[in-house]
Amino acid sequence: MLRFTIGISTYGPIPRAESLIRSLKQHLDKDYYDHFPCILLCDDGTPENLLGPRKLFCAREGIKLVLHGDNRGIPAVWNSLKKNAPAETEALLILSDGVRFVMPGWLTALAYFLEQNQ
């Protein structure tokens with residue numbers, strides 16, 4: 001089984017990232033994995049005074065939160081996600097916070113595709 005890390009880029013106080021994480025967890029085929037994939041959330045410059053709810057959510061859900069402090073752009077977010085992924089990561093799936101998953105087993109299907117195709 002591929003060891004996935006799911007990296008999410010986000011910005012602003014709108015709770016899109018939190019909705020995405022709920023969607024990921026709700027539709028993940030947990031029977032396929034011996035562990036839940038690591039989820040990283042990289043906030044690209046949301047002002048500190050607006051980060052309270054995001055920090056609480058991540059702490060409660062066991063999500064590693066990476067804070068840039070200022071807006072650095074998408075390439076910097078992707079690099080931060082790669083840098084903060086666990087060493088055992090075999091596949092880093094990077095998503096924007098506007099994505100939602102509505103099909104159970106989506107990660108199982110993606111893993112199968114990656115394992116069966118060059």
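At 53% relative accessibility, E48 counts as exposed, where exposed denotes over 50% relative accessible area, buried under 20%, and partly exposed the range in between (1.4 Å probe, protein chains only). The side chain of E48 meets that of K55 in a salt bridge with an N to O distance of 2.6 Å, a salt bridge being a side-chain nitrogen of Lys or Arg within 4 Å of a carboxyl oxygen of Asp or Glu. K55 itself is partly exposed, at a relative accessible area of 33%. The model is predicted, so that local features need pLDDT of at least 70 and side-chain atom pairs count only at pLDDT 80 or more, whereas totals for chains, interfaces and linings use all residues. Residues are numbered from 1 along each chain as its sequence is written, and side-chain values use heavy atoms, with hydrogens and water left out.

The structure holds 7 salt bridges, including one between the side chains of R54 and E18 (3.6 Å, N to O). Because R54 belongs to helix α2 and E18 to helix α1, this pair ties together parts that are 36 residues apart in sequence; helices (H or I, at least four residues) and strands (E, at least two) are DSSP runs, numbered from the N terminus. R54 is buried, at 3% relative accessibility, and E18 is likewise buried, with a relative accessible area of 6%. Another salt bridge joins the side chains of R60 and E61 (3.9 Å, N to O), of which R60 is exposed at 58% and E61 partly exposed at 30%. Through shared partners, salt bridges join E18, D43 and R54 into one network.

In helix α2, the buried residues are R54, F57 and C58. Viewed down the helix axis, these buried residues fall within an arc of 95°, so they line one face of α2, the arc being that of the directions from the helix axis to the C-beta atoms. They pack against β1, α1, β2 and β3 (64-67), contact meaning heavy atoms within 4.5 Å. On the other side of α2, L56, A59 and R60 are exposed.

The largest nonpolar core has 21 residues, and F4, I6, I8, L24, I39, L95 and W106 are those with the most contacts inside it; such a core is a set of buried Ala, Val, Leu, Ile, Met, Phe, Trp, Tyr and Cys residues joined through side-chain atoms within 4.5 Å. Helix α1 supplies the largest share of this core, 4 residues. Apart from this core lies another, of 6 residues, among them L40, C42, V66 and A85.
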